[in-house]
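Thank you all for coming; please have the sequence and the model open while I talk.

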Amino acid sequence: MEATKKLKKSVLIRQRKEQEKAQVGGASTAKLLNCPTSPRKMRLVVDLIRGEKVETALYILKHTGKEAAARVEKLLLSAIKNWEASNEGASLEDSALFVKEVSVGGGRQLKRLRPAPQGRGYRIRKRSNHVTLVVDSLKKVNN
C-alpha cells in the first residue's frame, strides 16, 4: 500500500491557500467582482499602475479621468488595508509597498435586445469584469 495518498484537486487548492495565509509578511490581495465596466476599458486603467509603488499608483489613479480609475483606487486602498491587517507590527512607510500583480478577467454578460429595422433585434452585450490586485512589500518585514 502506498504511503502517499492522492488528494483531490480541491483539497490541494485549499491547502495551498492555507499555506499562503500562514506566511506572515507576504503579499495581500483584494478582488473586485462583477464590476459593470467592460474588461477592455478596465485594462487601460490597470496597465497604468502595474509594478508601481503604492503612493505613485494612488496619485496616478486620482488624476486619471476614466470612470474605472475610481473603482481601482478603492480596490487598491482595500489591498493596502488587507496588508496592514496581516502585518500588524509593520509601518506602511518603511515597507515600500508596490503593486505586484493586477489582472482583469471577463465577468458575466447581461444580454439585451435593441429593436432594429424590419422586425429584427440586435443583441447588446453589457459586459462586466473581475479585477484581482496583489500588493507586496519590497523589504521583508520582521515580526
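This is a predicted model: local features need pLDDT of at least 70, side-chain atom pairs count only at pLDDT 80 or more; totals for chains, interfaces and linings use all residues.

Lys100 is partly exposed, with a relative accessible area of 42%, where buried means under 20% relative accessible area, exposed over 50%, and partly exposed in between, using a 1.4 Å probe and protein chains only. Residues are numbered from 1 along each chain as its sequence is written, and side-chain values use heavy atoms, with hydrogens and water left out.

The partner of Lys100 is Asp136, and the two form a salt bridge with their closest N and O atoms 3.6 Å apart, the term meaning a side-chain nitrogen of Lys or Arg within 4 Å of a carboxyl oxygen of Asp or Glu. Because Asp136 belongs to strand 5 and Lys100 to strand 2, this pair ties together parts that are 36 residues apart in sequence; helices (H or I, at least four residues) and strands (E, at least two) are DSSP runs, numbered from the N terminus. Asp136 itself, at 8% relative accessibility, counts as buried.

The search of the whole structure finds 4 salt bridges, and another of them joins the side chains of Lys62 and Glu73, at 3.4 Å from N to O. Here Lys62 sits in helix 3 and Glu73 in helix 4, so the link is between parts 11 residues apart in sequence. Lys62 is exposed, at 55% relative accessible area, whereas Glu73 counts as buried at 15%.

That brings us to helix 4, residues 67–86, whose 20 residues reach 30 Å from the first C-alpha to the last, close to the 28 Å expected at 1.5 Å a residue, the expected span being 1.5 Å times one less than the number of residues. How are its buried residues arranged, seen down the axis of helix 4? They fall within an arc of 165 degrees, and so line one face of the helix, the arc being that of the directions from the helix axis to the C-beta atoms. Among the buried residues are Val72, Leu76 and Trp83, while the face turned away from the buried side carries the exposed residues Glu67, Ala70, Lys74, Lys81 and Ala85.

Finally, Trp83 is touched by Ser95, contact meaning heavy atoms within 4.5 Å, and Ser95, which lies in helix 5, counts as buried at 3% relative accessibility.

Notes:
Lists of a residue's contacts leave out its neighbours within four places in sequence.
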